[in-house]
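Keep the structure open while reading.

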Amino acid sequence: MSQDAIIEIKDLEVVFGSGSAAVRAVNGVTLRVERGQTVALIGESGSGKSVTLRSLLRLHAPKKTTIKGNIRVAGHDVLSLSSSALSNFRGEVCSMIFQEPLLALDPVYSVGDQIVESIQRHKGCSRAEANKKALELFERVKIPSPERRLAAYPHEMSGGMRQRAMIALALACDPQVLLADEPTTALDATVQIQILLLLRELQKTLGLSIVFVTHDIGAAVEVADRIAVMYAGQIVEEGDVRTIMRAPRHPYTKALLQSRAHGSLDRGQRLATIPGAPPDLAKLPPGCAFAPRCTYAQDECREGTIALISLGESHSARCRRTDVTHLPHTESVET
Amino acid sequence: MNASLSIPAASVAAIEQSPGYWSGVFKRFLRDRVAMIAAVVVLVLVLLALFGTYVTPADPYQSSMLKRLKPIGTEGFLLGTDELGRDMMSRLMVGARLSLFMGITPVLFAFLIGSVIGIIAGYTGGWLNTAIMRTVDVFYAFPSVLLAIALSGALGAGIGNALISLTLVFIPPICRVAESVTAQVRSRDYVEAARASGANAFAIIKTHVLGNVLGPIFVYATSLIAVSMILASGLSFLGLGVKPPEPEWGLMLNTLRTAIYTQPWIAALPGLMIFITSISFNMLSDGLRSAMDVKQ
């Protein structure tokens, strides 16, 4: 792998609460993101994607959360930053865009004011300079008639426009890393693709590294260089987009890809689904967390810890059955 | 405000000219007819309170044994006279000053103190929240009239002590509103977004919490003005607030109660003023509430 990793997560564990009620949201995530790369974390709800993302900014309430492991972002050891260093780190090195821009923008201030405030806080420049910078940002994220839009309140903008404003706000202090928590989920399909293209373009022109959480595989394919599939707080498969899409090796990834609607479904044809439900994170089963729902699972899958198996250059899967998972799935495979 | 504003950039100027949040609120408020009527009534009352002494038709303190309890519409006494023959109209006009003062001042102080306590409790959470809010609950458990009378009685009669006791009565409810709104705002995405962009607790409280919390607390406090006036009148009625011969509506209600069988309309007039004032303040706060709701 390249030396130039901007994000290095090692054995990240995040536990909410304690004792018998402890929820093990993330169980040993290791992830590298190289400079200028876009990585998509995909998975079901509750698979630990957003928790992993938020850990990168240490956004979890410290009293109720136990975080173990090691996170380095652009040379900063995130988990041991002092609170003032953390304030500087957030926004300047690494910033985040949220799922629902209407909720993530303060309703009583105009979007321009919010961007200006963030710039002034970090750069300590005059209001006029900050205004100029805000205008530049609005042009950069392609908001039409940016002067007028800066004065608008969040509720006066359309969903796509709000998300653009949110991106502008996140880019206010020239971060190197942009975290996106399902940035297109709340938007309609035509706007989604515009936002994804915008992210892609910003990533190229500004040299950003993006970590992108989504459960929309289509969106991940559109913007990501690499995809990491998460299940029950672990990365179960990781590889570049093409490999994951064409030759997935983990049964969960395979099932996930099959459960998408390809083009149009014939009348009466059912969408493939994954039977069962994700495990309760408060009491994970031993062995592979996906085993109870897996059509390939054997007894050996239900004990011990499952190691990540390398499957060639930058492709790995956390599965003991990778020897058969690349074969076309047939009913004869014993369960 | 600072020198940087003079930088001649057309686009920057456009941002400066943006209509603020409050001008939007004001515009919506102007369109609300009921609230506008209430605002006009309140304005008239405030003007009476400020300048009432200069425009009274007669001396409000001048009593006359011969002209006691004249009915409404008597020559020279438009609204009649009270039990000591003083002009009711003049007394009601001058009475606006003390009554409004007793209504607004305690709420204002309680607003300042209660907001600070409530925002601190709501934002920090944890044991500090529990400690503050349970203490507040102890006060809140008393009926407000009882608490006001008890505090006033303990402190002794007089306007100053009545103001202190009313302020103490209103801190707990304002504190509770402030706490609950702050706790709501604290968990909003934009607060998390602000944290993600590097804002510390102080910056978050200053912009996001205050910006979103003061409006609702203010509206709630406005509705307390009416309650405060009624309580203040009650204290005066019991002899714990304003002392005769000062004209104050609650006190007037008290002294006129002996005339309820001979001149019921005159005896009811101070009560009518209290009613009009309190309902106007309530309508005003309702109008403010809907005008401040940005998501209409």
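Strands β11(A) and β12 (residues 316-317) of chain A run antiparallel, joined by 2 bridges. Within this pairing, A:Ser310 has A:Ser316 of β12(A) as its bridge partner. The model is a predicted one.

Both strands belong to an open sheet of 8 strands in chain A. The order is β6-β7-β8-β3-β9-β10-β12-β11, and the pairing is mixed. β6 (94-97) and β11 (309-310) of chain A are the edge strands. Each has a single partner strand, so one side of each lacks a neighbour in the sheet. Helix α8 (residues 189-206) of chain A packs on this sheet. α8(A) touches β3 (38-42), β6, β7 (177-181) and β8 (209-214) of chain A. The direction of α8(A) makes about 160° with that of β8(A).

## The four-stranded sheet

Chain A also has an open sheet of 4 strands, in the order β2-β1-β4-β5. Pairing here is antiparallel. The edges are β2 (23-34) and β5 (76-77) of chain A. Each of these pairs with a single strand, so one side of each is left without a neighbour in the sheet.

Strand β4 (residues 65-73) of chain A pairs with β5(A) over 2 bridges, in the antiparallel sense. Opposite A:Arg72 stands A:Asp77 in β5(A). Helix α1 (residues 49-56) of chain A lies across β1 (5-16), β2 and β4 of chain A. α1(A) runs at about 120° to β1(A).

## Where chain A meets chain B

How many residues does each chain bring to the contact? Chain A gives 33 residues and chain B gives 29. About 2,800 Å² is buried between chain A and chain B. Carbon and sulfur atoms give 59% of that area.

The interface of chain A and chain B holds 1 salt bridge. Its side chains are those of A:Arg54 and B:Glu192, at 2.1 Å from N to O.

## What chain A supplies

Several elements of chain A each supply at least two residues to the side that touches chain B. They are α2 (83-92), β6, α3 (101-104), α4 (111-123), α5 (127-140) and α6 (146-150) of chain A. α5(A) gives the most, with 5 residues. By type, the residues on this side of chain A divide into 17 nonpolar, 8 polar and 8 charged.

How values were computed: Residues numbered from 1 in each chain as written. Chains lettered and ligands numbered in written order. Predicted model: local features only at pLDDT ≥ 70, side-chain atom pairs only at ≥ 80, totals over all residues. Heavy atoms only, no water. Pairing = 2+ DSSP bridges. Contact = heavy atoms within 4.5 Å. Axes fitted to C-alpha atoms, helices over the stretch in contact; angles between N-to-C directions. Buried area = accessible area lost by both parts, 1.4 Å probe. Salt bridge = Lys/Arg side-chain N within 4 Å of Asp/Glu carboxyl O. Nonpolar A, V, L, I, M, F, W, Y, C, P; charged D, E, K, R; others polar.
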